[in-house]
Amino acid sequence: MLYREAGQFKASYAEDQQIFAIRQDRIAVGALLVFAFVVVPLVANQYWLSAILTPLLIFALAAIGLNILTGYAGQLSLGTAAFMAVGAFAAYNFVLRVPGIPILVAFVLAGICAALVGILFGLPSLRIKGFYLAVATLAAQFFVVWALTKFGWFSNNSSSGVISAQKIEILGYTVDTPAGKYLFTLTIVAVLALAAKNLVRSSTGRAWMAVRDMDVAASVIGIRLMQTKLSAFAISSAYCGVAGALYAFAYLGTVEPEGFNLDMSFRVLFMVIIGGVGSILGSFLGAAFIVLLPIFLNTAAPLIEHGLGLQMPPGFMSNLELIVFGALIVFFLAVEPHGLARLWQIGKEKLRLWPFPH
Amino acid sequence: MSFFFEVLIGGLLSGVMYSLVALGFVLIYKASGVFNFAQGAMVFFAALTFVGFLEMGVWFWFAFALTLGAMVVLGLATERIVLRPLVNQPQISLFMATIGLTFVLEGLAQLLWGSQPHGLDIGIQDEPLGWISDATGMNISKFDLAAAGIAAALVTSLALFFSRTRIGRALRAVADDHQAALAVGIPLQQIWGIVWTVAGFVALVAGMLWGARNGVQFALTFLALKALPVLILGGFESIPGAIVGGLIIGASEKLAEVYLGPYVGGGIEGWFPYVLALLFLLVRPEGLFGEKHIDRV
Amino acid sequence: MTATTRRAGDVILKLDNISLSFGGVKALTDISFDVREHEVRAIIGPNGAGKSSMLNVINGVYHPQAGTITFRGEVRRDMNPHRAAASGIARTFQNIALFRGMSVLDNIMTGRNLKMKAHFLEQAIWFGRARREELEHRAKVEEIIDFLEIQHIRKTPVGRLPYGLQKRVELARALAAEPSMLLLDEPMAGMNVEEKQDMCRFVLDVNEQYGTTIVLIEHDMGVVMDISDRVVVLDYGKKIGDGTPDEVRSNKTVIDAYLGVAH
Ligand SMILES: Nc1ncnc2c1ncn2[C@@H]1O[C@H](COP(=O)(O)OP(=O)(O)OP(=O)(O)O)[C@@H](O)[C@H]1O
Ligand SMILES: [Mg+2]
């Protein structure tokens, strides 16, 4: 009976329109934020902070980006990693070439660069839909990686386009510990996630969903299809761009264009499908799932090997991972198209009725 | 000039092989409305399985038959496990499901046969044809020519299959209108089974040809992706479109690489077909052979 | 109340010599008619007559090959959907065209999109104008929800609603734009008698309370004759009748078309 909204009446539309309309949810989210911002940096070890939590947050941000485009605006993209690459390389170049530029400004500009590239490759969406568009976004994927590799300017003429991201400096303070980078990432991701949530519950988001669900009806309401689709491409790519910049600056440090390959694009797509198409929360759940699953498999493998006295052939785990990912995708599409986010919601509904199911 | 033609012909011939992969897409799309992203993975799976059997010492044709059998089982299983539960879902969900299938197939193939690349010898050498070189000074690969011949034969027989046989006609009926086909008693599931089998066969042939040329390795899956721009050019529903699209992509990417590549640092083959297809879409969104249509409301 | 007592103003929409074809199919051939402010104008005709195509021409979804459209004095070759919406034309569809992934409330809110002016950056931080707008428009939408008596399904995803209610939500979405002209494509098709009565009442109420001009396609002759001021009859893309319900009812060509006399 702890999770109950009974007695909480909404006296105004403002209250009804809150992101978390139920008091218990607000408390839970507050607690989660305190946990993430205060407890985790204190208790988590270096491995968890820099090898799991930081990339998890970064991928969640990329998944939010793709979710805006695919989940909300209905435009399937297979080029997510390319937009991340644009963000990473743009941020690197801004810091490199503009002396004294604050890192956050560089990130914002990186997002804008990614948005511009997104708009460019989004142009075909005005004339084509569905998997035609998906194929068109592959053009972005291959072209961007090629261009970043081929033109030395982007990587300050390093071999095969490898760049080493500069140090993160904020107000003269260098962020170089795992906990610092984690907090830096967390702050950006939390702010952008909130912004995304606000966008999708306002007229911009409704226009995206309208175009996704029934484009003719949307246009008859007066929604401009071109502007709406391109805004989705732009904002989605900006999110991916910032995620890419974080990937380089806060996670790996050294990246190359080839690292942002089609496989990475698929990975983010899987996060969206498994987490929940058209859900900001789902983007986090999906990212967590896809980041944690391989770690889980790799931890479980030696135990199983040991337990059964077997020797697994080399590459077994990575191939098994492919199969598990693929099978999960099919499973979720068939059984729960709204992904983990929906399961979470169902769980909450159950809890709301518990312990009296009627 | 003869160099230009050499590049052009080389491109056209490799284009035929793109057509071959694209054909698998078209078959499945026509019959079930599914854009099967996994076609490339099927090519890889087939090639790897075939090589695997060969390396176990199985006789060539027997290995061929075994692999074909595996592809049939795979096709039927896909129909059963992937497509049937997703029936009536939006096309885009089916498309994403086939991306999932792609991962399953790639993982499964390597789990069964290992991840290392294999050579494949199907008895035709990749060397210039002597008499053409002598007569014209152009180097045209014997292998490319043979592969193109095989692909052409396959395409022709498929075209005949669709226009002359009862099953073929039923297939076309299904492609035109699922509901109507069901209404006149065409067993949809059986048809889908057949289509996936044929697509598996096409994948096997494509896998053998590509594998013999470039080695059987993971990179095959990327080659197969090149079939996608082919489809955009030719339209998803048109067999002639797949063929012409393949030729255009094959020829233009080679010509672009040779004549444009040097100005921009080379390596443009990787993206040129996509960008070409994209530009083409801006001009003619319905594809080469598609018909313009206005959404009904 | 009867149709004749309603005020009808000046002509606000005039279609002249509209012809539209798809490939070889001639959907509309040389059609001219007008619509007066505040009236209920019906378009009737057998299946495939071109009624829906006519509405699609009026609000710019289809572009006719010939003819002109004059709306509030502006003469145009064709409309485009955005301009039509911006000049106050709203619309429902023959086959329900709701946004299936959204709730009833969001569907109706979307109907007011054109009126929302906040920049996306303001919306992202949910501050100032963005927040204010969201509340103001919500209040307006609630009025419409009350008007159409759909309070109880406010938060329901539209996909889960029965057909009759979906049609009502679609009307709500169109009304949310506070249109001066409402195009309704078979708003009562597939409804039972009771639902039809409700819908008729809503349509007439809208017309009376807000003075909204209504262009209505409907197959149910009883309804058409009851609520419309003037009727256009189409058959095979041609106009075969135009006038008050009584005039149309006694028109020989119209009777023949409906009784299936050979052409
Ligand atoms: N987008 C389109 N593409 C091709 N043909 C079309 C299109 N829209 C309408 N048509 C054709 O135009 C003709 C008129 O169709 P329309 O939908 O306007 O008829 P209708 O009077 O609304 O019929 P119904 O009562 O069945 O709704 C029909 O022959 C139809 O097939
Ligand atoms: Mg109609």
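# A predicted model in questions and answers

Student: Into which domains is chain C divided?
Tutor: The bounds come from an automatic or database domain assignment. By that assignment, chain C splits into domain 1 (1-88 + 179-263) and domain 2 (98-178).

Student: Before we go on, at which pLDDT do side-chain atom pairs count?
Tutor: Residues are numbered from 1 along each chain as its sequence is written, chains are lettered from A and ligands numbered from 1 in written order, and side-chain values use heavy atoms, leaving out hydrogens and water. This is a predicted model in which totals for chains, interfaces and linings use all residues, local features need pLDDT of at least 70, and side-chain atom pairs count only at pLDDT 80 or more.

Student: How far apart are the C-alpha centres of the two domains of chain C?
Tutor: The domains do meet, with 21 residues of domain 1 of chain C and 13 residues of domain 2 of chain C in the contact (heavy atoms within 4.5 Å). Their C-alpha centres are separated by 27 Å.

Student: Which residue forms a salt bridge with C:D198?
Tutor: A salt bridge needs a side-chain nitrogen of Lys or Arg within 4 Å of a carboxyl oxygen of Asp or Glu. Two are counted between the domains of chain C. At 3.5 Å, N to O, the side chain of C:D198 meets that of C:R168.

Student: Which element gives the largest share of the side of domain 1 of chain C that touches domain 2 of chain C?
Tutor: Helices (H or I, at least four residues) and strands (E, at least two) are DSSP runs, numbered from the N terminus. On that side, α2 (81-86), β7 and α7 (193-210) of chain C each supply at least two residues. The largest share, eight residues, belongs to α7(C).

Student: Is C:T70 buried or exposed?
Tutor: Buried means under 20% relative accessible area and exposed over 50%, with partly exposed in between (1.4 Å probe, protein chains only). C:T70 sits in strand β4 (residues 66-71) of chain C and touches C:I12, C:L13, C:K14, C:D16 and C:V75, leaving aside residues up to four places away in sequence. Its relative accessibility is 16%, so C:T70 counts as buried.

Student: How many residues of helix α1 (residues 51-58) of chain C are buried?
Tutor: The helix is mostly covered. Its buried residues include C:K51, C:M54 and C:I58. The count is eight of eight.

Student: Does C:E178 count as buried or exposed, or something in between?
Tutor: C:E178 lies in the loop between α6 (163-176) and β7 (181-185) of chain C. Its phi is positive, about 50°, although it is not a glycine. With 43% relative accessibility, C:E178 counts as partly exposed.

Student: How many residues does the largest nonpolar core have?
Tutor: Such a core is a set of buried Ala, Val, Leu, Ile, Met, Phe, Trp, Tyr and Cys residues joined through side-chain atoms within 4.5 Å. Among the residues with the most contacts inside this one are A:F107, A:F260 and B:F35. The number of residues in the largest core is 256.

Student: Which helix gives the most to the side of chain A that touches chain B?
Tutor: Here 40 residues of chain A are in contact with 49 residues of chain B, and about 3,800 Å² is buried between the chains, 82% of it on carbon and sulfur atoms. On the side of chain A, α6, α11 (262-275) and α13 (316-335) each supply at least two residues. With 12 residues, the helix that gives the most is α6(A).

Technical notes
Buried area is the accessible area (1.4 Å probe) that two parts lose on being put together, summed over both.
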